[in-house]
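Please read it alongside the sequence and the model.

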Amino acid sequence: MKTLIAGSPRAAGALAERLADEGIDARTAIPDTAGEAIPALASSLVELERRIRDDRPEMVLLADRGDHALAAALVATKLLVPVAAVAGAGDPGGGGPSQAGENSRLLTLLADEVEIVALPKLLRP
């Protein structure tokens, strides 16, 4: 299954590495974290929409509960691409407890939660 992993560089990279160890090719969408939060988020939305339209993943997998993961969930939902969030994945840091809580509430509405141990079976064709 063609999968796009979204989240902070550390979380998305670690998840991609873990899936690669299972023989699954999952590509990452790593945010450009330079600059202020709102322009960076706007840039992420535009870039993620282009990336999802071009790559046509069958699923978007969220590696954490950060702003980039939220942006990916919003874009994927708009483009009718299924979204899954790794169960127990937390805030990538820097957002503070209220931001992590708000993102988690929204992601609960937009994404199916999946246990990390179930990912290889879920993502294999």
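## Ala76 and the largest nonpolar core

In this predicted model, Ala76 is in contact with Ile52, Val60, Val81 and Val83, once its neighbours within four places in sequence are set aside. Ala76 also belongs to the largest nonpolar core, a set of 19 residues in which Leu48, Ile52, Val60, Leu62, Ala72, Ala76 and Val83 touch the most other members.

At least two residues of this core come from each of five elements, namely strand E1 (3–6), helix H2 (37–55), strand E3 (59–62), helix H3 (67–78) and strand E4 (83–86). The greatest contribution is that of H3, which provides seven residues. Another core, of 13 residues, lies apart from the largest one and includes Ala12, Ala84, Val86 and Leu119.

## Chain organisation

Five helices and five strands form the secondary structure of the chain, and along the sequence they follow the pattern β-α-β-α-β-α-β-α-β-α. When contacts between residues at least 6 apart in sequence are considered, 72% of them join residues that are at least 24 apart.

Of the 125 residues in the chain, 42% are buried. The accessible surface amounts to about 6,900 Å², and carbon and sulfur atoms account for 55% of that area.

Ser8 is placed in the loop that runs between E1 and helix H1 (9–21). With a relative accessibility of 15%, Ser8 counts as buried, because the cut-off for that class is under 20%. Although Ser8 and His68 are 60 residues apart along the chain, their C-alpha atoms are separated by 6.9 Å.

## Confidence in the model

The average pLDDT of the chain is 81, and 78% of the residues score at least 70. Over residues 94–98, however, the pLDDT is below 50, and beyond near neighbours in sequence this stretch has two contacts in the model. Where pLDDT is low, the predicted coordinates should not be read in detail.

Notes. Residues numbered from 1 in each chain as written. Predicted model: local features only at pLDDT ≥ 70, side-chain atom pairs only at ≥ 80, totals over all residues. Heavy atoms only, no water. Helix = DSSP H or I, 4+ residues; strand = E, 2+ residues; numbered from the N terminus. Buried < 20%, exposed > 50% of the residue type's maximum accessible area, 1.4 Å probe, protein only. Contact = heavy atoms within 4.5 Å. Areas by Shrake-Rupley, 256 points an atom, 1.4 Å probe, with all protein chains shown as cover. pLDDT = per-residue confidence, 0-100. Core = buried A, V, L, I, M, F, W, Y, C linked by side-chain atoms within 4.5 Å.
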